[in-house]
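We will go stop by stop.

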Amino acid sequence: MSARKVKEKKGPDEYPKALLAQFYKTMSTIRSFEKKVEEKFLAGEIPGFVHLYIGEEAVATGVISNLSREDLIQSTHRGHGHTIAKGADLKRMMAEIFGKKEGCCKGKGGSMHIADLGVGMLGANGVVGGGFNIATGAALAIKMQGKDNVSVVFFGDGASNRGTFHEAANMAAVWDLPVLFVCENNQYASTTPYRTTTSVDDIADRAAGYGMPGVIVDGNDVFAVYEEARKLIERARRGEGPALLECKTYRVKGHFVGDPEQYRTKEEVNKVCESNDPIDRFECTVLDGKLFSREELDGIKASAVKEVEEALEFARNAAEPEVSQLFADVYA
Ligand SMILES: Cc1ncc(C[n+]2csc(CCOP(=O)(O)OP(=O)(O)O)c2C)c(N)n1
Ligand SMILES: [Mg+2]
C-alpha cells in the first residue's frame, strides 16, 4: 500500500464565497502577524526564540477550516499559524509572545508554548514530536466520551523520524482513534534537508505501516489541503480511525528568526517565493475565476493588517508578569 497522491479536485467556483473569504482572511492574518513578529523580534522587543510559518499558511488554513471550536489541535514550535487558524485571540497571542501578563499563558509560554484551551488549541510544543501522544490521548478522550470530534496533530518532516510518531500512529490505528496526523513537509528540519535524514520519499507512505490511509497533497494549495483534510476528518468523525495527510510545502524563512541559512542558496528560496506562494496562488485563482475583485481582496487583507496592529498595540501596553508569580502554575 503506498500513499495516494491527489490528482483531481473541485473547481474554486464550487466553494461558497464566504468560505473562500475565510481562507483569504486566515492566510492574510497569519502572514501579517508573522511579519509583525519578525519585525519586532529583530528590533529586540520580543524575548526568546521565534520560528516563522510564512509560506506554509495554506496548511493550517485548509485543515483547520474543517474544524469546529470543539475539535482539538496540537501544534509545534512553529505554531502561530495553527493557533490563529483555530481562532485564538490575536491580542492575547501577541501578548504571550511579548511575555506579558495578559498573554494566553500569562506570558510564561512565549512563542513556542502558546495554548488556548477555550478554542480547542491544546498547545504549541518546543519538544519536536512532543505533540503526537498528547493529540492521541485527546482523541482517546473524545472516543471514550462518545463525541464525534476529532484531534489534529501538526508536525514537521523532521518530527516524523521521532519514536513518538510511530508509537502514537500505531496506538491510534489499533484503537481507531479520531486523529488526523498532518505532516508539514517543509523540506527542512533545522539545517538539514529532509532527503538526507528520512528513509522514504513521501512521509505519507509511513501510514501503510500502521494500516491507515496516507494522502499526499500540495500544501501550498489551500483548496487541495481543505478538500483532502475534509475527507479524512469526516472519516475520523464516523469512527473509521486515523489518517496521515502529508502537505508538501516549503519553509521560506530561516529555521528561526536570525538563522544565517548557510545550508541553502538564496536562489532556491527566491524561486519558491516567486512561483509558489500560497497566498499569491489563491489570489490568482479567485481573480482569474472572477470570484473576487481586487478591491474585495484588498479589503479583507486590510482588515487582517488592522487586527494585527491592534494586537501589537495591546501587547506593547500590557503589563509584565509579577515576580511573585514566577513559580505559580509550575508543575514538577
Ligand atoms: C526532541 C527535540 N529534539 C531536537 C530539538 C531541536 N529542534 C528544534 S526544531 C528542530 C527541527 C524540526 O524540524 P521539523 O520537524 O521538520 O519542523 P520544522 O522546523 O521544519 O517546522 C529541531 C531538531 C527539539 N526542540 N526537540
Ligand atoms: Mg521541516
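First, a term: helices (H or I, at least four residues) and strands (E, at least two) are DSSP runs, numbered from the N terminus. This is a predicted model, where local features need pLDDT of at least 70, side-chain atom pairs count only at pLDDT 80 or more, and totals for chains, interfaces and linings use all residues. Residues are numbered from 1 along each chain as its sequence is written, while chains are lettered from A and ligands numbered from 1 in the order in which they are written.

**Stop 1: the sheet**

Show the strands. Two strands pair if DSSP finds at least two bridges between them. Strands of a sheet pair through backbone hydrogen bonds, either parallel or antiparallel. Here six strands form an open sheet with parallel pairing, in the order E1-E7-E8-E4-E3-E2. Which strands stand at the edges? They are E1 (4-5) and E2 (72-74). Each has a single partner strand, so one side of each is left without a neighbour in the sheet.

Select E1 and E7 (residues 214-218). They pair in the parallel sense over two bridges. Pick Lys 5: its bridge partner in E7 is Ile 216.

**Stop 2: helices across the sheet**

Two more terms. Residues are in contact if their C-beta atoms, placed from the backbone, lie within 7 Å. Axes are lines fitted to C-alpha atoms, for helices over the stretch in contact, and angles run from 0 to 180 degrees between N-to-C directions.

Select H5 (residues 131-144). This helix lies across E2, E3 (151-156) and E4 (179-185), and runs at about 170° to E3. Next, select H7 (residues 222-237). H7 lies across E4, E7 and E8 (243-248), at about 170° to E8.

**Stop 3**

Angles under 35 degrees count as roughly parallel, over 145 as roughly antiparallel, 65 to 115 as roughly perpendicular and the rest as oblique. A crossing is left-handed if the near helix is turned anticlockwise from the far one by less than a right angle, and right-handed if clockwise.

Select H1 (residues 17-42) and H10 (residues 294-317). They pack at about 40°, with axes 8 Å apart. That makes H1 oblique to H10. Their crossing is right-handed. Among the contact residues are Tyr 24 and Phe 33 of H1, and Leu 297 and Val 308 of H10.

H1 and H9 pack at about 150°, with axes 10 Å apart. H1 is therefore roughly antiparallel to H9. This crossing is left-handed. The H1 residues here include Leu 20 and Met 27, and those of H9 include Ile 279 and Phe 282. By class, this contact has eight nonpolar, one polar and one charged residues. (Ala, Val, Leu, Ile, Met, Phe, Trp, Tyr, Cys and Pro count as nonpolar, Asp, Glu, Lys and Arg as charged, and the others, Gly among them, as polar.)

**Stop 4: the ligand**

Select ligand 1. A residue is near a molecule or strand if its C-beta atom, placed from the backbone, lies within 6 Å of it. Which of the 17 residues around ligand 1 come nearest? Highlight Val 128, Gly 156, Gly 158, Ala 159 and Ala 189. By class, the shell around ligand 1 has five nonpolar, nine polar and three charged residues.

Methods:
Contact = placed C-beta atoms within 7 Å.
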